[in-house]
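Here are my notes on the model. Please read them with the structure open beside you.

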Amino acid sequence: MFDVANSGIHSDSFYASLIGSSTHKSQLRQIHARLFVLGLQLSSFLITKLIQASSSFGDICFARKVFDDLPRPQIFPWNAIITGYSRNNLFQDALLMYSKMQLARVSPDSFTFPHLLKACSGLPHLQMGRLVHAQVLRLGFEADGFVQNGLIALYAKCGQVETAKILFGKMKSPNLILWNAMISGYAKNGYAKDAIDAFHEMINKGVRPDTISITSAVSACPQVGSLEQARWMDEYVGRSDYRDDVFISSALIDMFAKCGSVECARSVFDRTLDRDVVVWSAMIVGYGLHGRAREAISLYRAMERGGVQPNDVTFLGLLMACNHSGLVREGWWFFNRMTDHKINPQQQHYACVIDLLGRAGHLDQAYEVIRCMPIQPGVTVWGALLSACKKHRHVGLGEYAAQQLFSIDPTNTGHYVQLSNLYAAARLWDRVAEVRLRMKEKGLSKDVGCSWVEVRGRLEAFRVGDKSHPRYEEIERQVEWIENKLKGSGFVAYKDASLHDLNDEEAEETLCSHSERIAIAYGLVSTPQGTTLRITKNLRACVNCHAATKVISKLVCREIVVRDTNRFHHFKDGVCSCGDYW
């Protein structure tokens with residue numbers, strides 16, 4: 001490097017060049033010291049350059065020191081320090097500096113807002129973002145492309161997708177950054193179909209996607225639940241430059257597993273050459289979702305032999321797999337193995353092991369695990385215990401778990417329904433009535449069941465007792481045909497205790513109108529014989545529908561794949577992959 005101390009050149013342009021060519025933060029400190037010797041420490045131009053360079057090295061503390069040496073900094077140093085904080089993900093500090101800038105009565109310019117908006121997005125802080133947006137409009141910078149990028153990213157990341165969509169629609173030629181913001185915003189806020197549609201539109205307009213846009217679109221596919229769309233995404237990646245990208249491969253594995261095809265997920269895993277812990281864990285979690293514990297454990301052993309260290313996601317997948325298969329001893333072993341790898345169990349791990357122990361009838365042990373947790377047990381943990389208490393009709397412990405849930409999450413309808421079901425299972429009808437009265441007083445109502453079935457790449461949604469579909473009469477005839485076939489096979493509907501206030505005929509009619517029954521009927525009349533039916537349900541499958549679907553799969557010679565809120569069920573030839581353990 002140029003000898004700073006012995007140089008006789010004192011021009012701003014020389015030192016600016018010297019700052020720009022620095023390769024280490026220690027060199028910047030030497031230059032700063034030399035500027036003091038030469039009396040150039042108050043040069044706004046040079047100080048701005050130093051702040052920018054120091055920030056790029058991650059030395060934000062030195063950048064702030066340099067900034068603070070200026071008695072009355074103008075806009076350029078202010079922009080540099082705000083940008084520095086934002087680029088180093090110190091978003092709160094960036095907003096604090098902006099507040100100080102306003103107090104110093106320094107007016108922002110178009111370069112101030114992009115990184116300020118990035119800070120609002122990163123926190124996220126929608127209220128502050130809106131205040132910044134108001135100032136953008138007041139100062140007339142709304143047409144600046146970088147400011148528009150920041151605004152769209154802000155609203156998309158903060159869940160204000162409709163606002164982001166309006167701003168995005170005003171862009172004549174949105175760049176890749178904007179497309180990524182929209183696709184990611186859609187995917188993360190429940191607008192999965194919009195995310196996939198935007199991805200297709202971006203490609204059709206000649207904008208080449210990157211890893212961000214691809215992974216966002218891939219993550220949207222399981223939300224849509226379309227295996228056909230998932231296969232299209234896999235084929236697209238296979239034709240792109242990202243076919244060997246490990247991060248995208250792990251996303252594809254997760255996508256296929258959540259879209260119901262663990263075989264396709266395994267195909268992606270097998271063709272991935274450079275497997276890191278993320279790829280291994282994605283496949284293990286995939287097996288866990290489908291209750292294929294033996295495959296998950298076998299893969300874990302292969303991972304160990306390959307010298308890959310597991311992480312918290314690996315063990316979550318293993319615990320899920322053991323939980324969904326009833327492998328109590330194996331699950332407990334894996335749970336205790338986590339500490340050997342210096343991994344501290346989190347809420348999800350504890351929820352899995354509580355569910356595993358509880359459903360197997362080890363309620364005292366499950367409660368002891370909760371009591372000894374080093375972290376405060378959350379909703380998922382207490383919910384798992386309450387569910388286990390309902391299964392084994394342990395009213396006292398179930399009531400205690402419910403009280404913990406009510407104190408943490410008092411407006412969640414599901415907790416009251418679980419407690420009501422516990423009382424109903426124990427035939428404590430007066431307490432069922434009390435819970436229902438409490439729900440009514442709080443304005444809470446039970447979630448309405450909804451199921452989606454994929455037919456030729458299109459998802460059709462059905463609710464309980466749904467009669468709105470254009471093919472309703474045809475669907476209703478198919479439902480009646482199914483019920484007659486079920487009765488002819490000797491199937492007897494299970495009268496769930498929670499339906500105690502209905503007579504047998506009414507209860508059976510209600511069960512026949514459950515959303516997955518209607519979805520199955522539609523799938524049968526809309527697809528060729530032998531086609532696998534893929535159904536997604538927003539609630540846990542009820543005992544009656546689970547038992548009925550097993551028989552239906554044999555009667556119609558079809559595989560029926562159902563994804564409920566807990567896991568996947570693969571019904572074929574009269575049996576379910578869960579082994580009736582869910």
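1. Start inside. The structure holds 3 cavities of 30 Å³ or more. A cavity here is a set of points, on a 1 Å grid over the protein atoms alone, where a 1.4 Å probe fits but cannot get out. Grid points are joined across faces, edges and corners, and a volume is the space filled by probe spheres set on the points.

2. A word on the source. This is a predicted model, where local features need pLDDT of at least 70, side-chain atom pairs count only at pLDDT 80 or more, and totals for chains, interfaces and linings use all residues. Residues are numbered from 1 along each chain as its sequence is written, and side-chain values use heavy atoms, with hydrogens and water left out.

3. Look at the largest cavity. Its volume is about 110 Å³. The lining counts 15 residues, each with an atom within 4 Å of a point. Nearest the centre lie Gly-225, Cys-259, Arg-534, Ile-535 and Thr-536.

4. Which strands each supply at least two residues of this lining? They are strand 1 (450–455), strand 3 (533–537) and strand 4 (560–563). The chain has 30 helices and 6 strands. Both are DSSP runs numbered from the N terminus: helices are H or I, at least four residues, and strands are E, at least two.

5. Now the whole chain. Its C-alpha atoms fill a box of roughly 100 × 55 × 55 Å along the principal axes. Of contacts (heavy atoms within 4.5 Å) between residues at least 6 apart in sequence, 64% join residues at least 24 apart.

Definitions and conventions. On a 1 Å grid over the protein atoms alone, a cavity is a set of points where a 1.4 Å probe fits but cannot get out, and a pocket is an open set with protein on both sides within 12 Å along at least five of seven lines; lining residues have an atom within 4 Å of a point.
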